[in-house]
Amino acid sequence: MHPRAGASLSRRRFLALSAAGAATGAATLSGCAMQVSSGVSGGGETVTVMAKPDDLSPELVRQAQKDIGVKIVTVRYDITKLIGMMTNGAPPDLVRGVGATDAPYFAARDVMEDLDPYFTRSSVLKLDDLDPVNDLWRFDGRTQGKGPRYGMAKDFSQDSMFWYNTALYDQAGVDYPPETEPVTFEEWLENAERLTRRKSGQTTVFGGSYNGVSTPNLLASLAVAAGGSLFTDDFARIDFTTPEARKALNWYIEYGRARVGPSIVQPDPNTWDGPTFQANRMAMSNSGYWLGGLINSDKKLAPHARLAPAPVFEGGRRISPCQAGTGLWMPKKAKNKDAAWRVFEWFFGEGPAKARAAGGWGIPTLKSLRPLMPAQEDYQKRVLKVQKAELKHFSVIAYTPYATADSLYALFNQEAPAAMNGHMSVDALAGRLNSVMNEQLKRGKEQVG
């Protein structure tokens, strides 16, 4: 699954391999720092980091210079620019990515540095301290979750968990979900219908949002929850016609048809759940623990916001995956690898990581940092109890290396509206998705070799 040893990576070849470009996540990488010693020197070096505008603030860049003596130069994340830099032999030293979908895609194309030797000698990022979510950044040439480590998640959520607003539940007379036992997906949708409020043909309160980080990744998780898989064993094909994958697809189409939450046929003007949930216009949001960073900052909302376990399908598996795992990876041809690793250690294991953990913006990916998670208020203690119980249900949902999440997402959005609007059956949609997505996967497999 790797290019021929020693083969040159031409711009044309990489453009072909990249298809529609790498998937990107919504999480931000931010925080402040404190000085911690490391065994790897980076003093006086310059490290180029390709990231999104909010990934590394100017304040954080200045803090890195102060703490570890490394100058960070940021380049705005852009897949076309990344390809150009890599094929010209001058890639960034670190690149942001979404572990759940980017890791197998780029690792299969042999452009990521194997970080196992760095982890082995690190006194900051110890292997026995890594949360299992970091296995999203492993790939053995065939399956995600095994083999070398190619990156690390900055923090994470179990993204099928959902927040709910008790005030809106009380207004609708709906019972709260159990704290540590899951409701079924069918119950979740029924509750969403009861919680939805409309006036003059307009939705004033969404009963619930359940879109995940990326629709293809969400559907892959739902198929596993139903007891099967969205992909064939070799990850070279998708099959929405298996009983489990069809059950997952049917549930999501029913969600769209019910108009209880944002979807491609009923978009949220705010474009994401945070502001709508904060405005008391959304009763449930499957944003996972990560949304707690926003909720904790709103003292009126926080006492009414609670976290619930990921739902289950009747007769299916209880799983609670991470659909993002946003972090950083190092290109194989990076020029300043030791200094980049020092930035990597600092960002993932020192001051910035501690600040993120204390702010509630995701679960720390180092187990030793979990005591920093917010637990001062009673409502924070309740959330933490639910989240800690859910951790044992985490598992890596392996994703295909043959297509980006963005490319499959575009194909889904092209075909699914007809079904959500009642103009196409779910069976017909399953056939259409198989056809267009498998053509994309076929091209990707041919390009990887």
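Student: Which ring does the charged end of R356 sit over?
Tutor: The ring of F347, with the charged end 4.5 Å from its centre. The criterion is NZ of Lys or CZ of Arg within 6 Å of the ring centre and within 35 degrees of the ring normal.

Student: What kind of model is this?
Tutor: A predicted one: local features need pLDDT of at least 70, side-chain atom pairs count only at pLDDT 80 or more, and totals for chains, interfaces and linings use all residues. Residues are numbered from 1 along each chain as its sequence is written, and side-chain values use heavy atoms, with hydrogens and water left out.

Student: What lies over the face of Y105?
Tutor: R109, at 3.7 Å from the ring centre.

Student: How many aromatic pairs are there in the whole structure?
Tutor: The search finds 28. Rings of Phe, Tyr and Trp (its six-membered ring) pair if their centres lie within 6.5 Å; planes under 30 degrees apart count as stacked, over 60 as edge-to-face and the rest as tilted.

Student: Why is the pair of F185 and F313 tilted?
Tutor: Their centres are 4.4 Å apart and their planes lie at 35°, so the pair is tilted.

Student: Where do those two lie?
Tutor: F185 is in helix α7 (residues 185-195) and F313 is in the loop between β12 and β13 (326-329), so the pair ties together parts 128 residues apart in sequence. Helices (H or I, at least four residues) and strands (E, at least two) are DSSP runs, numbered from the N terminus.

Student: Is F185 buried or exposed?
Tutor: Buried, with a relative accessible area of 2%. F313 counts as buried too, at 3%. Buried means under 20% relative accessible area, exposed over 50%, partly exposed in between (1.4 Å probe, protein chains only).

Student: Which cluster do ring pairs build?
Tutor: Its members include F185, F313, W188, W251 and F412.

Student: New topic. Which residues are buried in α14?
Tutor: Y379, Q380, V383, L384, V386, Q387 and E390. Down the axis of α14 they fall within an arc of 165°, so they line one face of the helix. The arc is that of the directions from the helix axis to the C-beta atoms.

Student: What is on the other side of α14?
Tutor: D378 and K388, which are exposed there.

Student: And what covers the buried residues of α14?
Tutor: The cover includes β8 (162-165), β12 (305-308) and β14 (363-364).

Student: Last one. What is N217 in contact with?
Tutor: Leaving aside neighbours within four places in sequence, N217 contacts A100, T101, Q323 and Y399. Contact means heavy atoms within 4.5 Å. N217 lies in helix α8 (residues 215-225) and is buried, at 3% relative accessible area.
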